[in-house]
Amino acid sequence: MKPAANFSYKKIETWCDNLIFASLLCLVFLLPLLFSTTLTFNFCGILKSTFLHGFTLIMFSVWLFKIILIGEFKFRKISLNPVILLFLTVTAISTFLSVDLMKSFFGDYRRFEGLITFINYASIFFITVNFVKNKKQIN
(Lines give C-alpha, C1' and ligand atoms only; values in the text may rest on other atoms or scores of the structure.)
Protein backbone atom coordinates (compact mmCIF):
# COMPACT_ATOMS: atom_id res chain seq x y z
CA MET A 1 0.00 0.00 0.00
CA LYS A 2 1.47 3.33 -1.05
CA PRO A 3 1.24 6.19 1.49
CA ALA A 4 -0.39 9.43 0.44
CA ALA A 5 1.98 12.02 -1.00
CA ASN A 6 0.89 14.79 1.36
CA PHE A 7 1.11 12.64 4.52
CA SER A 8 3.45 14.22 7.02
CA TYR A 9 4.49 12.99 10.43
CA LYS A 10 5.34 16.59 11.32
CA LYS A 11 1.69 17.61 10.84
CA ILE A 12 0.50 14.82 13.11
CA GLU A 13 3.15 15.71 15.68
CA THR A 14 2.03 19.35 15.61
CA TRP A 15 -1.60 18.22 15.96
CA CYS A 16 -0.65 16.11 18.98
CA ASP A 17 1.21 19.03 20.57
CA ASN A 18 -1.78 21.32 20.04
CA LEU A 19 -4.17 18.77 21.55
CA ILE A 20 -1.95 18.28 24.60
CA PHE A 21 -1.65 22.05 25.01
CA ALA A 22 -5.43 22.54 24.67
CA SER A 23 -6.02 19.80 27.26
CA LEU A 24 -3.58 21.45 29.67
CA LEU A 25 -5.38 24.76 29.18
CA CYS A 26 -8.73 23.09 29.90
CA LEU A 27 -7.34 21.63 33.11
CA VAL A 28 -5.82 24.94 34.18
CA PHE A 29 -8.77 27.20 33.35
CA LEU A 30 -11.92 25.04 33.38
CA LEU A 31 -11.24 22.69 36.29
CA PRO A 32 -11.14 25.53 38.86
CA LEU A 33 -14.56 26.64 37.63
CA LEU A 34 -15.88 23.17 38.38
CA PHE A 35 -14.44 23.43 41.89
CA SER A 36 -16.28 26.69 42.47
CA THR A 37 -19.00 26.18 45.06
CA THR A 38 -21.14 28.82 43.36
CA LEU A 39 -21.45 26.71 40.20
CA THR A 40 -21.83 23.31 41.88
CA PHE A 41 -23.17 22.24 45.25
CA ASN A 42 -20.36 20.06 46.47
CA PHE A 43 -16.65 20.77 46.48
CA CYS A 44 -15.44 17.38 45.24
CA GLY A 45 -17.91 15.61 43.02
CA ILE A 46 -18.06 13.02 40.33
CA LEU A 47 -18.21 15.68 37.60
CA LYS A 48 -14.90 17.18 38.69
CA SER A 49 -13.19 13.82 39.01
CA THR A 50 -14.47 12.69 35.64
CA PHE A 51 -13.26 15.93 34.05
CA LEU A 52 -9.80 15.50 35.59
CA HIS A 53 -9.52 11.81 34.71
CA GLY A 54 -10.89 12.34 31.21
CA PHE A 55 -8.52 15.12 30.23
CA THR A 56 -5.59 13.30 31.81
CA LEU A 57 -6.48 10.23 29.76
CA ILE A 58 -6.69 12.33 26.59
CA MET A 59 -3.31 13.95 27.25
CA PHE A 60 -1.63 10.67 28.15
CA SER A 61 -3.09 8.88 25.11
CA VAL A 62 -2.01 11.62 22.72
CA TRP A 63 1.44 11.78 24.33
CA LEU A 64 1.80 8.00 23.98
CA PHE A 65 0.61 8.16 20.36
CA LYS A 66 3.18 10.89 19.68
CA ILE A 67 5.96 8.80 21.24
CA ILE A 68 4.98 5.80 19.09
CA LEU A 69 4.73 8.00 15.99
CA ILE A 70 8.14 9.62 16.46
CA GLY A 71 9.72 6.36 17.54
CA GLU A 72 11.75 7.80 20.39
CA PHE A 73 11.06 8.51 24.02
CA LYS A 74 12.79 11.51 25.55
CA PHE A 75 12.10 11.71 29.26
CA ARG A 76 13.15 14.99 30.78
CA LYS A 77 15.09 14.35 33.97
CA ILE A 78 14.55 16.78 36.82
CA SER A 79 15.30 16.42 40.52
CA LEU A 80 11.62 16.02 41.46
CA ASN A 81 11.09 12.86 39.35
CA PRO A 82 12.47 10.34 41.90
CA VAL A 83 10.45 11.93 44.70
CA ILE A 84 7.19 11.66 42.76
CA LEU A 85 7.97 8.09 41.66
CA LEU A 86 8.80 7.14 45.26
CA PHE A 87 5.54 8.69 46.45
CA LEU A 88 3.58 6.75 43.81
CA THR A 89 5.36 3.54 44.78
CA VAL A 90 4.57 3.99 48.48
CA THR A 91 0.97 4.92 47.64
CA ALA A 92 0.61 1.83 45.42
CA ILE A 93 2.04 -0.44 48.12
CA SER A 94 -0.26 1.03 50.77
CA THR A 95 -3.21 0.70 48.39
CA PHE A 96 -2.63 -2.97 47.71
CA LEU A 97 -2.02 -3.72 51.40
CA SER A 98 -5.07 -1.79 52.60
CA VAL A 99 -8.15 -3.29 54.19
CA ASP A 100 -10.54 -1.80 51.62
CA LEU A 101 -8.83 -2.12 48.23
CA MET A 102 -11.61 -0.48 46.20
CA LYS A 103 -11.76 2.58 48.43
CA SER A 104 -7.97 2.86 48.42
CA PHE A 105 -7.85 2.59 44.63
CA PHE A 106 -10.79 4.83 43.66
CA GLY A 107 -11.46 6.83 46.84
CA ASP A 108 -14.87 7.20 48.40
CA TYR A 109 -17.88 9.26 47.44
CA ARG A 110 -17.29 13.03 47.57
CA ARG A 111 -13.54 12.50 48.17
CA PHE A 112 -12.12 10.74 45.14
CA GLU A 113 -8.56 10.62 46.44
CA GLY A 114 -7.50 7.09 45.71
CA LEU A 115 -4.46 5.75 43.93
CA ILE A 116 -5.97 6.50 40.54
CA THR A 117 -6.19 10.21 41.37
CA PHE A 118 -2.55 10.33 42.47
CA ILE A 119 -1.56 8.57 39.24
CA ASN A 120 -3.50 11.26 37.35
CA TYR A 121 -1.67 14.04 39.19
CA ALA A 122 1.71 12.43 38.46
CA SER A 123 0.76 11.92 34.80
CA ILE A 124 -0.18 15.59 34.46
CA PHE A 125 3.14 16.55 36.06
CA PHE A 126 5.24 14.33 33.80
CA ILE A 127 3.35 15.33 30.66
CA THR A 128 3.73 19.01 31.51
CA VAL A 129 7.44 18.67 32.32
CA ASN A 130 8.10 16.81 29.08
CA PHE A 131 5.81 18.95 26.93
CA VAL A 132 6.66 22.49 28.07
CA LYS A 133 10.17 23.25 26.87
CA ASN A 134 10.56 26.98 27.50
CA LYS A 135 8.86 30.07 28.95
CA LYS A 136 7.79 31.27 25.51
CA GLN A 137 5.54 28.24 25.16
CA ILE A 138 3.76 29.15 28.41
CA ASN A 139 3.31 32.79 27.48
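This is a predicted model: local features need pLDDT of at least 70, side-chain atom pairs count only at pLDDT 80 or more; totals for chains, interfaces and linings use all residues.
Start with the geometry. Helix α1 covers residues 9-29 and helix α3 covers residues 46-70. Their axes lie 10 Å apart, at an angle of about 160°. That makes α1 roughly antiparallel to α3, because angles over 145 degrees count as roughly antiparallel.

Now the contact itself. From α1 come residues including Tyr9, Ile12, Cys16, Ile20, Leu24 and Leu27. They meet a set in α3 that includes Phe51, Phe55, Met59, Val62, Phe65 and Ile70. By class, this contact has 18 nonpolar, 2 polar and 3 charged residues.

Take Leu27, a residue of α1. Leu27 is buried, with a relative accessible area of 9%. Leaving aside neighbours within four places in sequence, Leu27 touches Phe51, Leu52, Phe55, Thr56 and Met59, along with Pro32 and Ile124. The C-alpha atoms of Leu27 and Phe55 are 7.2 Å apart, although 28 residues separate the two along the chain.

Then the charged side. The structure holds 1 salt bridge. Asp17 pairs with Lys66, and the closest N and O atoms are 2.4 Å apart. Asp17 sits in α1 and Lys66 in α3, so the pair ties together parts that are 49 residues apart in sequence. Lys66 counts as buried because its relative accessibility of 14% is under the 20% cut-off. Asp17 is partly exposed, at 21% relative accessible area.

Notes:
Residues are numbered from 1 along each chain as its sequence is written. Side-chain values use heavy atoms; hydrogens and water are left out. Axes are lines fitted to C-alpha atoms, for helices over the stretch in contact, and angles run from 0 to 180 degrees between N-to-C directions. Helices (H or I, at least four residues) and strands (E, at least two) are DSSP runs, numbered from the N terminus. Angles under 35 degrees count as roughly parallel, over 145 as roughly antiparallel, 65 to 115 as roughly perpendicular and the rest as oblique. Contact means heavy atoms within 4.5 Å. Ala, Val, Leu, Ile, Met, Phe, Trp, Tyr, Cys and Pro count as nonpolar, Asp, Glu, Lys and Arg as charged, and the others, Gly among them, as polar. Buried means under 20% relative accessible area, exposed over 50%, partly exposed in between (1.4 Å probe, protein chains only). A salt bridge is a side-chain nitrogen of Lys or Arg within 4 Å of a carboxyl oxygen of Asp or Glu.
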